[in-house]
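Welcome, and thanks for taking a look at this structure.

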Amino acid sequence: SPNDGKTHIYLQRFFGECGAEYGGATDVAKAEGECGIMTALINRFNAENPDVHIDVNVIAWPGYPQLTAQIAARDPPDLVTMHSGVISDYASDGLLEPVEPFLKEAHISPSDFTDATRLAVTIDNRIYALPWDTHGGLFHINTALFAKAGLMRGGKPVLPNSAEELLKQARQFQERTGKPYLIQSNVADPAYAARNQFTYMMAEGAVLFPDAKHVRLATPIGHSVATFFKRINDERLGTQNMDTPAAIAAFINGEGGIYPTGTWMLGTFEKEATTPGRPLFNSYAVFPYPRLWGQRVEFVSGHTWIVPKRNRTQQQRTAIARFFRFMADHNYDWTRTGHLPAFKAVLDDPRFRSLPHREDISPLAQMGRPLPGYVRRQNAIEGIVGEEMAAAYTGQKPIDVALRQAENRVNTLLGELD
Amino acid sequence: MAAQVDRARLTRAGYVALTIGAILMVSPLLWALLLSLKSNASLVGNSGAAFHPPYTLENYAAIFGNSSTMRWLLNSIIVSLCTTAGVLILASLAGYGFARLEFPFRRTLFVFVLVGLAIPSQAVILPQHQLFAWLHLHNSYPGLVLPGLVAPFGVFFMTTYMRAIPKELDEAAMLDGASRWKIFRSVILPLTIPAQSTLAVFTFLGSWNDYWWPLISATRSNMYTLTVGLAASQMNYAQTSGLGFLMAQAVFASVPIFIVYIVFQKQIVRAMAGAAVR
Amino acid sequence: MTQSRRWEGLLFVAPFLFVYSAILIFPLLRGLWLSLFRIELFGPGHFIGFGNYERLFGDPIFQQSLINTFLVTLMIVPPLTVIALALALALNRAGRTAAFIRGIFFSSAVLSVTIVTLIWRFVLAPDAGLLGEIWKSLGWEPLPFLSDVHLVLPALAITTIWWSVGFPMLLFLAGLQQIPQDMYEAAALDRASRWTTFSRITLPSLKRTLILVVMLQTAAQLQMFGQSQLLTAGGPSGASRTAVLFLFESAFGRWELGYASAAAEVLFLIILAVTLTQYWATGQMRVGGRGRAG
Amino acid sequence: MSLELKNIRKAFGATPVLDEVSLTLQSREFIAFLGPSGSGKSTLLRIIAGLETADAGEVWLEGRRIDTLPPGERGVAMVFQQYALYPHMSVRENMAFGLRNARVPRAEIDTLVDDAARVLEIEQLLERKPDQLSGGQRQRVAIGRAIVKRPKLFLLDEPLSNLDAALRLRTRVELAQLRQRVEAAMIMVTHDQAEAMTLADRIVVFNDRRIQQVATPVEIYSRPANTFVARFVGSPAMSLAPAIILDDGPVAKVKLGDGTVVQTAVPRDGLPADDVEIGLRPEHVRVAKSESATTAEVLLVERLGERSIIYGKLKDGRSITAEDSGMTGVRVGELVPLTIDGERAHLFGPDGTGYHRRAE
Amino acid sequence: MSLELKNIRKAFGATPVLDEVSLTLQSREFIAFLGPSGSGKSTLLRIIAGLETADAGEVWLEGRRIDTLPPGERGVAMVFQQYALYPHMSVRENMAFGLRNARVPRAEIDTLVDDAARVLEIEQLLERKPDQLSGGQRQRVAIGRAIVKRPKLFLLDEPLSNLDAALRLRTRVELAQLRQRVEAAMIMVTHDQAEAMTLADRIVVFNDRRIQQVATPVEIYSRPANTFVARFVGSPAMSLAPAIILDDGPVAKVKLGDGTVVQTAVPRDGLPADDVEIGLRPEHVRVAKSESATTAEVLLVERLGERSIIYGKLKDGRSITAEDSGMTGVRVGELVPLTIDGERAHLFGPDGTGYHRRAE
Ligand SMILES: Nc1ncnc2c1ncn2[C@@H]1O[C@H](COP(=O)(O)OP(=O)(O)OP(=O)(O)O)[C@@H](O)[C@H]1O
Ligand SMILES: Nc1ncnc2c1ncn2[C@@H]1O[C@H](COP(=O)(O)OP(=O)(O)OP(=O)(O)O)[C@@H](O)[C@H]1O
Ligand SMILES: [Mg+2]
Ligand SMILES: [Mg+2]
């Protein structure tokens, strides 16, 4: 209760509720999964800081309608989980506190952050959140099928170095295994297409957002990226009609070679790979998206902790700083979920490097690129671009049209902003 | 050939169609039930596992193990019951007014109420949220209940039902010296019990399953309703790793309503015979 | 009646009217006001008159969503009505079996939209879904219900029909029980065949129920939201984006409060027009009068 | 003087239903409102009860103007055509409801209800619900509900019309006995004339928005004020036929269309000049044993057991109704001789006004 | 021979409704089913129509066994109590519906409907919907719907019970005329005995799952088979009183409970030993001008216009009903002398069987 003499912090997060399993757990090392680790961490913080108590409010993913509502009702929480792409929306309306004072009190320097996360939380040279991880697309690979397709070298899967190579390997894969090279979640998942388009346009050095009001998609680069993915579909080198759950099931059941999806699936797949008798047993590898042309960059996002603006006591501010410090110290624990760390130091932490596959995917923390901080409505933009690109990839719309419409829709959206 | 010319006997084809239909209706539900009895792990990537043992109650254990679940269940019950009671009261009062009493602008006001049938709730949810913020009603029971009280269909339903009650009853009661209020309470209300039960079930159903309003109005976990709370418990947004758990939640959340339906089934059919149709 | 007694009636309707006006009409009007502004969720905004409406009518996404909404309504309401009617006809009998089967056909109605879409995802998904498996076992290529522009609305329609067949069925059952038995007997003596009995006796007697069902379902389906949001996220390529999903995305996804409000008002007017047209067409407008025994 | 109605006027929208109706009831008088459907009987009753408001006029009950009072305070009780029992209340509750509203003490309510139940012989039904009662029992409950309130005026709107023939007869007798026991005036609406004739002290005949006649049953039957009353009251109806007054004597002698001359007992003075109608009740037109004044062709024979009714047509095509004994041998199509009891004949002027023999 | 029912049995669940009922109708005969509510009249009618299945027994119509046929093919037409007109069809469509189902050519349908409409005088109503018709008009449409099908047998279930008194009387006459015009047998269910007496060639009296008597109206009235028929037929009902047979002469002389001795015309032979009941119709018990055999205390006087009914009780408390003239001076509470027309008295044995004077 609020009258226990403690400083209360009201924290709101997604990641689910698992009080049944981890209600009293403070041993972070023993916790598993996003929910378990997060719950244990917060329990641990409460245990280590007897004068502070964090009241946790678990909300349904992603929680923005509620946060918006809370802000509108002038009752926002003190700490909130937020995807980095969303920060600009709230920050630009002055709804978030810049967190430099807290970082300072917690003895955290922005230079401790990985490049990808630092970029993601910085808007107009102000830092609006404590980054917590980087997540982005990975090529989750079924090495058994790759072996069958003759695409294993030295125990490592062979990934393409160019677009043409990808197509070639894919055809070879398909020929030898009779299964699709790519498992794609094209249905009800605009993020998939958006990630592809953003990543490979960035790779060619395209400036997606020349300013806060415009997107540039209908360019030759955009066109060639879209053409490439359309070819994959035209040649039936990937699955066509799967949504996310179907794609996950397909990959777990060994129905295809590569499932490009997020870091957050790593834990699940790894578990499959270590369970004898499962199709994926001992046949799992994972890498960032390969470079197909241009530079080796990848569009990423990340989880962060933000502090909505509201009146707070000094004790509360201090408690928030202590929470930041605590979370920074435990960033490694979070990486056990499969996400990449937000702090450079963890990348070099032997504990981290000894986690399965982490060596392979850690480049993502360096090559990752969020959208520029000045771009607002990144979620909505991702939705629009994803929808239009998916239509282009699957041939439902001519590529030009889809690119132009995506651009128009995004520009209209941005243009309407004050 | 004989008597029951009315309820045309089902032909063999009719029986087959009905059976197939019933199977189609019920198999997804049974499937959901089976899923709820499987451990999450065994379902990953293989929802077909639902058809084979072993079965387990661990998902239900997880629901009950979460200390908040009971609180959410209680909230849901409180909110749904209050909403239902409120709708019944308001709709009955208004229904009686529209069905029986003469007052200025009666027809206009009735049409005004009917207009409400056409308002999509998503269309007003933001202004509604603002309104409740001004009134400091968020994260409170009134905040959760009040929007549910606006039930133009309920008024429409009660009005038609009450119009079907013989007017002589009102008149007899008037001669018995009963006030308007007394007539409403002692004579008309008891006669609308079937209609009340129907409206009750449908209001309860709607309130119980409502998602968006509690989502943005109840932002504190202790004020969550079951739907919101269960959604928040979801560990994975793609709804894959917790399939069994999810289905257990669905079953858990549906059981109360289904019980309510079974209890009132007879009343419902009778009630609709009274209203709606005339 | 004296003046005071005339106003007494107002007292009975006043509580509802108050709540109704405050919680539904006021927000609706406020939405109307907001629709004249370019305004975000936060921040001041400024008056732009009918700018939002102009933009709306030039917005192909909104137009598409309206067309989708109409199409899906058309795909749902007639079959739903027919199925519900057929079920009611088949189940309009006493006995435990009939009650049990009625329970089965009503049971889906107790589920929330979240669960319904979750279940139907597993039915419709071509690779892992139930239908897909059946198709495959018959040696056919599974239909990509959720990713084909032409199949996605029918898929939503099927889901919705499955979900909402219970209530109209109950309404029809009630309607059937209102038809006097002796009319059927008269028809039997008139040598009416089963079809004639149905088309010339049952159907005309159910006219009111039929209209009520069609009216309520039309209004409900024009407001379809959850199915489209959760099953397909409006895709592919917007082919299943309904009008309410559009306004929801505008409001919660893009924070375009004014624009979303304008869309809401347009949708409201459309639904109102459709509903009231149906209502007037059936002469339901008569309120009160001398309600004699019935 | 119990009830007094003064110049009641009522229209529903544009259609007038009652036109300047005035009426006075004596204390403990039993009045029947008789008239065809739609003649405004129920409306007038409902105005008295306060269920309808008159457009103009006043209603006084025992010296108090009551048309300004709400129905419950007028001291009237009503028995409805469909009884309008509260279906969800037991018989006892039905009867007690009005008393409870009037805040009569509980003990007194019980006494009143039990008394009424005893009088109506429904004591053993007190705990039942209306749908567990037969038609006749319901009726008695409806009456009981009225009685317990000890009203100054009972209003009954077609209380018997829902009963089958046998029950109707029994209940009619019961109503007549009830009447002896309660200390109140009664108004009963009916369009069954036998009911009105049997029960009422006086009958008010309605037609066409107006009161046609107010008189005792015997007077209504034997001295109908006009052709409407003459034809409406009496079953089978009085036969009417045009007649010409023949010029002789102090009482009118008339000639029918077929040439038959009838010597009536109606005084000549006051009678209109020449064209009149003659009215003959069936019981005054009998099948003659032998040749007689006039003959009719038989169209239909109704055998009612104790007597038979012969529907026939005179030579000029006018229809006439006659009576014969229960065991009549008359056959359809036959020509039968008729004797007309001219003493009992009635005459009606061109405006319909009735002229009768001198009152006894 | 038109219709023949052979040993019809019917029970609803455990409650038997008809018990071995047999009956034969002549061609073009008009039969009335008369009996109290719940005696199975409608059920039998519905079995004939095919709307209900008998548990046992056969139904033959004009030499064809029809109980195996569906209702529409039996050649019978029915007029329902509530008419059961199709509310959404015009009068014309209502009448044409059955013909259309029988695939009668359109032109012929029109002729048939127009003809029937002419006969029933509803030509100007043909385009109206049932709810725009008055009760009497609806009734005629219902009859019209039956007529057009030219059935071999008409079934009418209480066709008049929904009409008000005046209309009932008129429609009764119409029915009687209709009867002359159609070439079919008719069965009419009623519990109004006046209706049955007036219209039927023969009456079938039902009670307690069985046929009590089948006879002409006059016979039913004057020679009731048992006490049930005796009391059920005739209005007001026959008075019954226990009596002892005094031992002399070929015709029975009986003594009532109050000592009155009545000389009947009932032959002694066949009569049970001693204890009987005497049955007296009101018209055979008249108020005497002077001192007389017996006296009764007056309980109620019903003035019916042309005659009055006196409800009284004899000295031993037995009730008796007597008749007097329309202008009777008898008052309630008075003791009046009564003359009993012993010639017309009926006697009933302990099992209820009736004994009557020799048939004329
Ligand atoms: N509420 C009303 N609105 C319009 N017209 C009405 C209303 N009530 C009665 N009327 C009309 O007023 C006239 C008189 O009706 P009322 O009920 O008094 O007749 P009634 O003599 O009681 O007839 P019945 O014997 O059929 O009951 C009828 O023509 C009727 O249609
Ligand atoms: N469908 C049925 N199910 C059960 N019992 C029935 C059914 N139909 C009639 N009965 C019962 O059978 C008995 C005879 O009914 P029926 O309708 O034949 O009587 P009735 O002589 O026509 O009476 P009334 O004069 O009231 O119409 C009654 O006791 C009735 O309750
Ligand atoms: Mg009336
Ligand atoms: Mg019957």
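**Where chains B and C meet**

Across the interface of chain B and chain C, eight residue pairs are in polar contact, with both partners at pLDDT 80 or more. Please keep in mind throughout that this is a predicted model.

**More on the B–C interface**

- On the side of chain B that touches chain C, helix H14 of chain B (residues 243-274) provides the largest share, with 13 residues.
- That side of chain B is made up of 72 nonpolar, 13 polar and 11 charged residues.
- Together, chain B and chain C bury about 9000 Å², and carbon and sulfur atoms account for 75% of that area.
- Chain B brings 96 residues to the contact, and chain C brings 93 residues.
- How many salt bridges link chain B and chain C? The count for this pair of chains is zero.

**How the chains are arranged**

- Eight pairs of chains are in contact, and among these pairs chains B and C share the most contacts.
- Chain A does not touch chain D, and the nearest C-alpha atoms of the two are 48 Å apart.
- Chain A does not touch chain E either; here the nearest C-alpha atoms are 50 Å apart.

- Side chains of opposite charge can pair when their charged atoms come close.
- Over all chains, the whole structure holds 64 salt bridges.
- One of the salt bridges joins Arg312(A) to Asp78(A), with 2.6 Å between the closest N and O atoms.
- Are Lys397(A) and Glu388(A) buried or exposed? Both residues are buried.

- In chain E, the side chains of Glu20(E) and Arg9(E) meet in a salt bridge of 3.0 Å, N to O.
- Glu20(E) belongs to strand E2 of chain E (residues 15-25) and Arg9(E) to strand E1 of chain E (residues 3-12), so this pair ties together parts that are 11 residues apart in sequence.
- Glu20(E) is partly exposed, with a relative accessible area of 41%, and Arg9(E) is partly exposed as well, at 36%.
- Through shared partners, salt bridges join Glu387(A), Glu388(A), Lys397(A), Arg409(A), Arg241(C) and Glu249(C) into one network.

**A closer look at chain C**

- Chain C contains 14 helices and two strands.
- Along the principal axes, the C-alpha atoms of chain C fill a box of roughly 80 × 75 × 30 Å.
- Chain C has 294 residues, and 61% of them count as buried.
- Among the contacts in chain C with a separation of 6 or more, 67% are between residues 24 or more positions apart.

Terms used:
Residues are numbered from 1 along each chain as its sequence is written. Chains are lettered from A and ligands numbered from 1 in the order in which they are written. This is a predicted model: local features need pLDDT of at least 70, side-chain atom pairs count only at pLDDT 80 or more; totals for chains, interfaces and linings use all residues. Side-chain values use heavy atoms; hydrogens and water are left out. Contact means heavy atoms within 4.5 Å. Buried area is the accessible area (1.4 Å probe) that two parts lose on being put together, summed over both. A salt bridge is a side-chain nitrogen of Lys or Arg within 4 Å of a carboxyl oxygen of Asp or Glu. A polar contact is a pair of N or O atoms within 3.5 Å; within protein, one must be able to donate a hydrogen and the other to accept it, and residues adjacent in sequence count only if both atoms are side-chain atoms. Helices (H or I, at least four residues) and strands (E, at least two) are DSSP runs, numbered from the N terminus. Ala, Val, Leu, Ile, Met, Phe, Trp, Tyr, Cys and Pro count as nonpolar, Asp, Glu, Lys and Arg as charged, and the others, Gly among them, as polar. Buried means under 20% relative accessible area, exposed over 50%, partly exposed in between (1.4 Å probe, protein chains only).
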